[in-house]
Amino acid sequence: MLMTRRSILAAGALMAMPGLARAQTGAFKGKTLTVASWQNYGADDPATLKMFTDMTGATVKNVFFTSEDGLLQMLRQGGLGQIDVCLPNLQYVLPGAQQSLFAAIDTAKVMTWKDLEPRFADDPSIRLDGKVYATPWVQGATSLAVNPTAFPTPPKSWKVLWEPSSQGKVGFFDDPTTAIMTAALYLGENPQKPDLERVRTALLDLKKNVKLFWSSGDDWNKAYTTGAITMGNLWSGLAGTLKTNGTAVDFVFPDDGTVVWGDTWAIVKDAPNLDLAYAWINFVTSPAYFVQWITKPGSNQQLAVPVNQQAIKALPQAASDKLMAGRLVGYRGKVALQAGLSAADLKRWTQLWEEVKAS
Amino acid sequence: MTKRRLLQGLTTPILLLPAALVVALMVVIPLAVLVWYSFAADGPGAPLSLDSYRRMIASPLYGWLALKTLWTAGIAALITAAIAWCPAWALSRLPARTRNLILLAIVIPYLTSYLLLIYSIYVVLGPGGPVMALFRLIGLAGTGASILYTPTATVVMLVYENLPLMIFVLFSGMQRIEGTLLAAAGSLGAGRWSRIRHIVFPMSAPALVSGLVIVFVPMGGAFVESQILGGPNGLLLGNVIADQMTRADDPSFGSALSLLLLLGTLVLIGLVSLVGPALERLRSDRRTRDVRLA
């Protein structure tokens, strides 16, 4: 078997796990960690949970939420003191911290912290009053996707979605922050603080070209593979999966910038098992965890790129390509990070998006 | 004797109690919470305000969306009734054994998850599906055309979802129409159309009104159908309410919009409920006039 740099790193990472396990098994045996996350999103995968139990001796109880607001609501309505760790999206870390739902994280206890991409680890949106409230976990881009048959030369700008010739051919993600940031990039505005009236006009113009506001990968797949749409914005992981499965799609990081999202792990305020919560965060941000989750058959393992740079290196090349990890991490253009919005701004943006859709 | 009379007097309230409790728990209390939330724009603990209603009235968008939603639901309900009427009548005249088999076949889609139904309609209405193939064949559509991602697709889906329910309601009403009544009318010289017009239709009208109301209510609150099939111009008020309750984290505004939809639905149901008795009065007046003339 040909040993590549990636496979050596992956093997090394896996071999490092038992040592950690021996060190921690006694301490957590018989304890139960309560984890709030999306269903089928890495935290409830039986094989990875077995790894965690083998490593720590503790078991995991999963509780699921179906929206980010649902998570905050779950914590507000009895989750504090019951749930140990949760998985907020980057843009919900600050609202959660401001509502005192998360505990401050001691980054010295997160062994992988030094390996996290600085773009995320240094991001102000995980900080409040100088304290860190979340550990960045995975990322992805929502960038431009086009059908190569319709575009033999891939477009280089978001402008293509606004062209009159694109009428009825665009699939656009039904998400306020993605929509407003994409319009801001197209307009050359600051994606974090755009002129909302200019954005509204641009989105109303875009709507004339939109065939479908998609809200799940399945929505996009159906419309794209039946030819109902030939372009739009799409998650990087989904584009990579489509390409790997033989669907012709070009995924473009436009010159005017791209939208990047991130998911994080936060420790819930008054977590009953604080040390075990740190053990979980160390586990799920480790290269060994990502190699297991991303390369073994399971749910949604192909959608997200690790924020831990060592974990990306540990992935087999095929898995990394499928995730478009190299292109995403190596992208040096303008990045609109979906983070840092205040609750009031988030509400205003959501309102604007609703009005555009309803107009 | 007095004890027995007292017990008899209590029987009805006791029998009604479980249903009353269910209605209180499932309807009255949630509705009261909805009303309360609609005035709690700054959160459940904050002083009550009219902000959500002011916001709703300030933009013509929501009133227009409510009308569009009620119009869509109304059209879908009428189409459902038009399609369901004939099969329901035919079913009511069939022998019990055959009828039960057909009813079983009709109930299957109703017991299927609505998401599965939506995705099956997706295939049927898609550019390569049978509906568009037929439209292409008769020259009504070009290659690659589809009614997917249009408000029409939403209406088709709402009709498809609610058709079994409408058939059942109409069938149960029509089943009570005695065959002897029709035979008597026939023996007096009434033709088939005349019997349907003067006997079957008036006697099944209450079931028709009930059916319209029963399917109209869920149609008015639909949002998944329009989300998946309705395209960029298919947004209904239900979609905005769902977004306000989840993504926008604004249950107060979502509650105010829900009450707007509820009010609109009640007004329309009230109007529909008035139609049946009004028609009956009209018919009765005409009959009296005809008898006097005779």
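This briefing describes selected features of a structure with chains A and B, grouped by topic.

The structure is a predicted model, in which local features need pLDDT of at least 70, side-chain atom pairs count only at pLDDT 80 or more, and totals for chains, interfaces and linings use all residues. Residues are numbered from 1 along each chain as its sequence is written, while chains are lettered from A and ligands numbered from 1 in the order in which they are written. Helices (H or I, at least four residues) and strands (E, at least two) are DSSP runs, numbered from the N terminus.

**The nonpolar core**

- A nonpolar core is a set of buried Ala, Val, Leu, Ile, Met, Phe, Trp, Tyr and Cys residues joined through C-beta atoms within 7 Å.
- A residue is buried if 20 or more other C-beta atoms lie within 10 Å of its own, exposed if 12 or fewer, and partly exposed in between, with C-beta atoms placed from the backbone.
- The largest nonpolar core has 171 residues, of which A:Val85, A:Ala266, A:Val268, A:Trp280 and B:Leu170 touch the most other members.
- Helix α7 (residues 151-174) of chain B gives this core its largest share, 15 residues.
- Residues up to four places away in sequence aside, A:Ala266 touches A:Val85, A:Cys86, A:Pro88, A:Val93, A:Gly96, A:Phe102, A:Tyr133 and A:Ala134; two residues are in contact if their C-beta atoms, placed from the backbone, lie within 7 Å.

**Helix α4 of chain A**

- Helix α4 (residues 90-98) of chain A is largely enclosed by the rest of the structure, because 8 of its 9 residues are buried.
- Among these buried residues are A:Val93 and A:Gly96, both of which are also touched by A:Ala266.
- The elements covering the buried residues of α4(A) include α3 (68-79), α6 (176-187), β12 and α15 (343-358) of chain A.
- Just after α4(A), A:Ser100 has a positive phi of about 55°.

**Packing of α2 against α10 in chain A**

- Helix α2 (residues 46-56) and helix α10 (residues 274-284) of chain A pack at an angle of about 130°, with their axes 11 Å apart.
- The pair is therefore oblique; angles under 35 degrees count as roughly parallel, over 145 as roughly antiparallel, 65 to 115 as roughly perpendicular and the rest as oblique.
- The contact involves A:Phe52, A:Met55 and A:Thr56 of α2(A) with A:Leu276, A:Ala279, A:Trp280 and A:Phe283 of α10(A).
- By class, this contact has 6 nonpolar, 1 polar and no charged residues; Ala, Val, Leu, Ile, Met, Phe, Trp, Tyr, Cys and Pro count as nonpolar, Asp, Glu, Lys and Arg as charged, and the others, Gly among them, as polar.

**Loop residues of chain A**

- A:Asp270, in the loop between β12 (258-268) and α10, has a positive phi of about 65° although it is not a glycine.
- A:Asp270 is partly exposed, with 15 other C-beta atoms within 10 Å.
- A:Met324, in the loop between α13 (317-323) and α14 (325-330), also has a positive phi, near 60°.
- A:Met324 counts as buried, because 24 C-beta neighbours lie inside 10 Å.
- A:Asp44 lies in the loop between β1 (32-37) and α2 and is in contact with A:Ser37, A:Gln39 and A:Asn62, leaving aside neighbours within four places in sequence.

**Contact between the chains**

- In chain B, 22 residues are in contact with 21 residues of chain A.
- Helices α3 (60-92), α10 (224-229) and α11 (237-245) of chain B each supply at least two residues of the side touching chain A.
- That side of chain B has 11 nonpolar, 7 polar and 4 charged residues.

Methods
Axes fitted to C-alpha atoms, helices over the stretch in contact; angles between N-to-C directions.
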